[in-house]
Amino acid sequence: MIANAEALLKPLTIKGLTIRNRVMSTSHAPSYGKDGKPQQRYQLYHEEKAKGGIGLTMFGGSSSVALDSPASPWNQISVADDSVLPFFQEFSERVHRHGAKLMIQLTHMGRRTKWDAEHWLPVKSASATREPASRSVAKELEQEEIDRIVADFAAAARRCKEGGLDGCEISAAHGHLVDQFWSSLSNQRSDKYGGSLENRMRFGIEVLTAMREAVGDDYVIGMRMSGDEMLKGGLTAEDLIAIATEYAGRGLVDFLNIIGGQARDHIAHAVSLPNMAFPVAPYLPVASSVKREVDIPIFHAQRVTDLATGARAVAEGHVDMIAMTRAHIADPHLVKKLTEGRADDIRQCVGYGYCIDRIYIGKDALCIQNAATGREATMPHVIEKAATQKTAVVVGGGVGGLEAARVLAERGHKVTLFEKSDKLGGQVLTAAKATWREALTGIPRWLVSQVQKLGVDIRLNTEADDAAIAGLSPDIVIMATGGLPHKGHAKGAEHAVTTWDVLEGRVEPAGTVLVYDEIGDHNATSTAEHLAKQGCLVEIVTHDRLVGEDLGSTNQPVHYRELYKLGVMMSPNLELIEIYPEGNRMIAALRNTMTDAEEERVVDHVVVDYGTLPVDHLHFSMKDKAKNKGLIDDAALVAGRPQPAEINGAGEAPGYTLYRVGDALAGRNIHAAIYDALRLCKDL
């Protein structure tokens with residue numbers, strides 16, 4: 001048991017509502033809504049946390065109360081009419097049956113949304129200002145519209161209560177309408193809602209007063225707000241403490257959910273949703289400072305990745321509830337594992353930001369390392385035992401191979417894993433060598449601990465071949481041999497080195513370096529940072545419209561911040577067409593992708609990233625002897641069904657079935673490798 005566990009597992013009662021422990025998940029936007037409702041996928045995602053022992057799970061960040069705050073961006077929830085009630089009732093029953101409590105976050109987005117979505121209504125705010133993040137210019141709210149939105153909040157609160165939810169909170173964080181009224185950056189009114197802080201607080205007071213009148217004094221209402229916007233010209237810690245004490249003192253809120261930062265632009269958004277570049281629990285002091293000033297419970301989230309940190313925060317009196325939202329995405333059963341004495345089995349969040357980054361490019365939230373999260377209808381968090389024990393061989397000890405070995409061992413099979421190097425972890429270990437990405441090592445570290453506990457026969461420094469595999473008489477062979485970097489198609493590519501060469505220390509460039517990025521992900525950008533920190537003069541060049549084009553909103557701004565600080569030159573819209581030596585230096589010829597104009601750079605080194613090509617020679621040498629010819633039935637895989645050879649009894653015939661996962665198929669990412677392994681092996 002971790003230190004201070006008793007503080008974390010102690011119940012908390014708010015207005016007669018008893019939450020079984022001090023661990024929660026905050027409202028967030030996984031983009032699982034359907035038709036503006038929390039339907040099966042959304043409910044199963046939160047139900048898994050309830051099964052896993054969480055005290056309180058909150059959903060719908062942020063659920064819209066009005067038509068002019070559209071729910072369609074990020075596939076969110078609309079609480080603007082009574083059609084949501086049956087879904088709330090079903091959702092509540094689903095979570096309550098496992099002993100957890102369920103709340104929702106309500107909001108009007110104001111200017112922090114898009115006008116060209118769903119109903120095509122203009123975005124509205126305290127004043128006619130533009131938000132950099134949403135790129136929308138707001139219409140200034142008139143009194144009649146303010147009155148209507150206040151009534152919309154009240155009606156939404158009533159629906160929450162009638163739907164059986166245990167409470168709700170309003171969002172006054174991240175630049176939503178309530179805090180748009182608070183901030184002089186977005187509120188330039190001269191009427192009773194503008195000017196002094198007292199006036200700017202008025203709209204929020206009216207909203208909460210109307211909500212309280214709609215649901216009565218016994219229903220739990222809270223508010224999520226920043227304790228310090230950390231933004232030039234934004235709300236200071238002193239401003240926000242004044243707001244918190246005023247709202248709490250009036251009895252308008254039963255808890256405050258405190259964050260640090262704001263989200264008005266790209267870097268502010270990344271700061272308020274800290275990734276692995278930030279320390280653990282970076283804004284706990286912000287929440288603690290608010291707690292000292294109010295007499296109601298304080299909740300807090302933001303990169304609390306482990307239970308020990310959460311337990312300390314509660315035990316020392318900094319907060320009353322600790323939110324571990326992304327930690328529950330990585331492992332929804334973390335509280336259960338703690339209470340069962342299995343804390344070392346918790347799959348800990350590494351702060352990659354993959355979950356959040358996906359939703360801001362219109363995709364669904366997924367965990368970089370837990371492929372079952374968000375797929376609970378088809379993917380298991382707990383692996384069932386197979387009816388018959390089989391012998392399995394996994395070739396390759398990267399994260400795809402480790403996940404395959406873990407799942408097969410959980411199924412009860414006898415598993416042997418071959419890894420030709422002296423360590424497990426594969427490409428992730430290389431990526432983790434780059435500047436602030438060391439936390440990536442947590443992904444293979446957990447997988448290694450699990451396969452060791454499960455008794456997998458791990459053979460390091462052993463390159464598998466047909467004979468070694470045949471000697472084990474396997475029923476199942478999984479090729480997780482990964483990929484190797486290639487140098488691309490430019491003339492003279494043999495004169496380049498790869499990002500792998502740099503990060504793994506095979507070459508140590510000095511002087512001027514051109515880093516060419518064909519992929520647009522972390523690889524080249526983090527390598528450019530690494531080289532600049534080593535004292536190189538670096539230019540990063542990309543074929544894309546901007547450097548790191550595929551990086552998401554919690555990672556790209558951090559990369560840019562570091563690249564700018566290090567003096568790295570960023571050059572988009574250029575294709576590398578040739579590399580040739582000239583004296584003791586290199587000439588890199590580039591073509592502008594928009595104009596076809598050519599230019600050259602004289603540098604000491606050219607570093608390239610074109611992704612990887614599969615290491616698949618062993619697969620092809622074995623496929624003709626495999627019962628399934630090494631092929632995967634895509635329809636069964638996508639549907640989450642067993643592979644046909646296992647269904648039709650062919651698995652009982654002599655020989656083996658052969659499958660590939662991860663980059664052994666095609667160069668992709670960590671999640672793809674782990675998902676390949678889980679959805680294939682869970683039924684083998």
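**Exercise 1.** Is E599 buried or exposed, or in between?

*Solution.* Start with the cut-offs: buried means under 20% relative accessible area, exposed over 50%, partly exposed in between (1.4 Å probe, protein chains only). E599 has 32% relative accessibility. E599 therefore counts as partly exposed. Now take its partner. E599 forms a salt bridge with R601 (a side-chain nitrogen of Lys or Arg within 4 Å of a carboxyl oxygen of Asp or Glu). The closest N and O atoms are 2.7 Å apart. R601 is buried, at 18%.

This is a predicted model: local features need pLDDT of at least 70, side-chain atom pairs count only at pLDDT 80 or more, and totals for chains, interfaces and linings use all residues. Residues are numbered from 1 along each chain as its sequence is written, and side-chain values use heavy atoms, without hydrogens and water.

**Exercise 2.** Which parts does the salt bridge of R97 and E47 tie together?

*Solution.* First, the distance: 3.4 Å, N to O. Next, place the residues. R97 lies in the loop between α3 (85-96) and β5 (101-107), and E47 in helix α2 (residues 40-51), so the pair ties together parts that are 50 residues apart in sequence. Last, check accessibility. R97 is exposed at 56%, whereas E47 is buried at 6%.

**Exercise 3.** How many salt bridges does the structure hold? Which residues are linked in a network of them?

*Solution.* The count is 45. The network links D68, K124, K139, E142, E145, R148 and D152. Another salt bridge joins K423 and D422, at 3.1 Å, N to O. K423 is partly exposed at 45%, and D422 is partly exposed at 47%.

Definitions and conventions: Helix = DSSP H or I, 4+ residues; strand = E, 2+ residues; numbered from the N terminus.
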